[in-house]
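Here are a few exercises to work through with the structure open beside you. Try each task before reading its solution.

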Amino acid sequence: MDDALTRAGRALRVVLVVALALLFLVPFYLLVRNGLATEQDITAPDWTFFPRVLQWSNLTEVFQDPNLPLGRALLNSTLIAVSTTAGTVLLASLAGYGLARIPYPHANIVFYAILGTLMVPAAVTFVPSFVLVSSLGWISTLRGLVIPTLFSAFACFIFRQYFLGFPRELEDAARVDGLGYWRTYWRIVVPNARPVFAAVGTIVFIGAWNAFLWPLVIGQDQEAWTVQVALSTFTTAQNLNLHELFVAAAVSIAPLVVVFLVLQRYIVAGVERSGIDD
Amino acid sequence: MLGPQRRNLWFWAFVGPFAVGLGLFTYVPLAWSVYLSFFDAHNTVSPSGADFVGLGNYGAMLSDASFLGSLGTFLLFTAFIVPATYVLSLALALMVNRLRFAQAFFRSVFFLPTACSYVVAAVIWKLSIFNGVRFGLANTVLGWFGADQTAWLSTTDPPWYWLVIVTVRLWLQAGFYMILFLAGLQRIPPQLYEAAAVDGARPGWQTFRHLTFPQLRATSVAVVLLLVINAFQAFDEFYNLLSDARGYPPYARPPLVYLYYTALGRDQNLGLGSAGAVILALIIAVATVVQARWFGLGRKEE
């Protein structure tokens, strides 16, 4: 009887997991469904699971709407996300390595000064940072959108933790061969630490692509809109073209879903090794 | 080998660029903000020319019913989102961890919304699921059971918009916290479960309560801490779900939305906005330190 109970429990759990998984996928389905439907189908009084007509021309139409500069916004988002990721990973990995491996008498003070900024969430400093960026004349510029976001204490912390647990033997061998800190870092450490670079890079890329408040505040001209700001402006506009908005939203997450599905095992490994819950 | 002087130089070659940037874009804005908060600075980011008002902005903020109301909104939001995310992500982790097939598939499904932005999620929630008309999914489903249509986002009594706001964030972030819990679960030594079974603990609730849950304590502390800090920063979903062509409704403004409209809205009152940002930063810092002390976070690292 105990066996039957266990089996019933297990079956119930499987049913529950499948039901929850479907529930989690519904929003993605709605995005694609509405993006490929006609306006009439979206607003039809009797909702149907499948749209009656699949209108593939939505995909091209959305790039031609002058009110929603999607092409330009996608380009801006790509430039911002790529340069933010490259810059953050470079700066934070160098700092993390220095903190983990180069003896310096006041290294702890520097480390705590960096860690302390984690307590001041970036979003709370948006008023003062806006003040600074606008006094530098960087409003609506790529510089203003990227440079202030490059110094991630979180990324630095992850790299430091990772390098602390990195086997020293490899580096010692390099030192014996006469390599300095610089060349040890580039030739030995970076090639052997690819998983953590991929993990931090993916997290930073997703964060930069999805960022909203900072691009909203700094990217004031239409020319500087990211895809998130463009979509948001469109949702609050009066004459709303639903199928266009949905297909634009779907287009905007497509690159991320690809990056994500390819690199997600690194995110998982990165989170597991970050020591965030130690 | 290198002398200590050369080593110090190398340390700063590696850490310097990052430290300088962090100082310039975090410490300088903070200091500037504190300075600016003592001035009646409208429409300008430099206090020169603006009137010095001392603690006036702080007094105005702390006696402003809408600012205090925004803190109330944050507390209400936290009271909903922290327990809901905690329970859902822990439940997902426990279920996924015990699956004997397609574990990676289900983990991916629950984690996938993490790649989605609040703006895109708000499009789906506001214009497809909870759009308050007959063709909305929620109203369609409720209609099958004969329920009336609900204008989800514009109903304030009862406040149905909370359901919309909380479920967006729940969908977007539960998968991330599930990963943290999965990492925690994998660190529990299997011998503990064997020992518990020998001692006669029944699998299921008993084992969870007396073994798994206590072993996840460190993860739980980190998760709650992150959830509270993130709730403080709520902006995207409120802004995208509640504002429309007519503006933003006066109810349900969390602190950041309130600051956004104070500092960058029509008034451009940057002095007042800075005072609000300083107050908010202090509250978060105190809350974090108290919580960390309370739970002994980081004790192991000492």
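**Exercise 1.** Into which domains is chain A divided?

*Solution.* Keep in mind that you're looking at a predicted model. Chain A splits into domain 1, covering 1–55, and domain 2, covering 69–273. Next, take the C-alpha centres of domain 1 and domain 2 of chain A: they sit 34 Å apart. Now for the contact between them: domain 1 of chain A supplies ten residues, and domain 2 of chain A supplies nine.

**Exercise 2.** Work out how much area the two domains bury, and which residues in domain 1 of chain A lose the most of it.

*Solution.* Start with the total: domain 1 and domain 2 of chain A bury about 740 Å² between them. Of that, 72% lies on carbon and sulfur atoms. Then zoom in on domain 1 of chain A, where Leu31(A), Gly35(A) and Glu39(A) lose the most area to domain 2. Together, those three make up 59% of what the domain 1 side buries.

**Exercise 3.** How many salt bridges and how many residue pairs in polar contact link the two domains of chain A?

*Solution.* Salt bridges first: the count between domain 1 and domain 2 of chain A is zero. Polar contacts come next, and here you get two residue pairs, both at pLDDT 80 or more.

**Exercise 4.** Which elements give two or more residues to the side of domain 1 of chain A that touches domain 2?

*Solution.* They're α1 (2–36) and α2 (39–42) of chain A. The largest share, five residues, comes from α1(A). Finally, sort the residues on this side of domain 1 by type: five are nonpolar, four polar and one charged.

Definitions and conventions: Residues numbered from 1 in each chain as written. Chains lettered and ligands numbered in written order. Predicted model: local features only at pLDDT ≥ 70, side-chain atom pairs only at ≥ 80, totals over all residues. Heavy atoms only, no water. Domains from an automatic or database assignment. Contact = heavy atoms within 4.5 Å. Buried area = accessible area lost by both parts, 1.4 Å probe. Salt bridge = Lys/Arg side-chain N within 4 Å of Asp/Glu carboxyl O. Polar contact = N/O pair within 3.5 Å; in protein donor to acceptor, adjacent residues only side chain to side chain. Helix = DSSP H or I, 4+ residues; strand = E, 2+ residues; numbered from the N terminus. Nonpolar A, V, L, I, M, F, W, Y, C, P; charged D, E, K, R; others polar.
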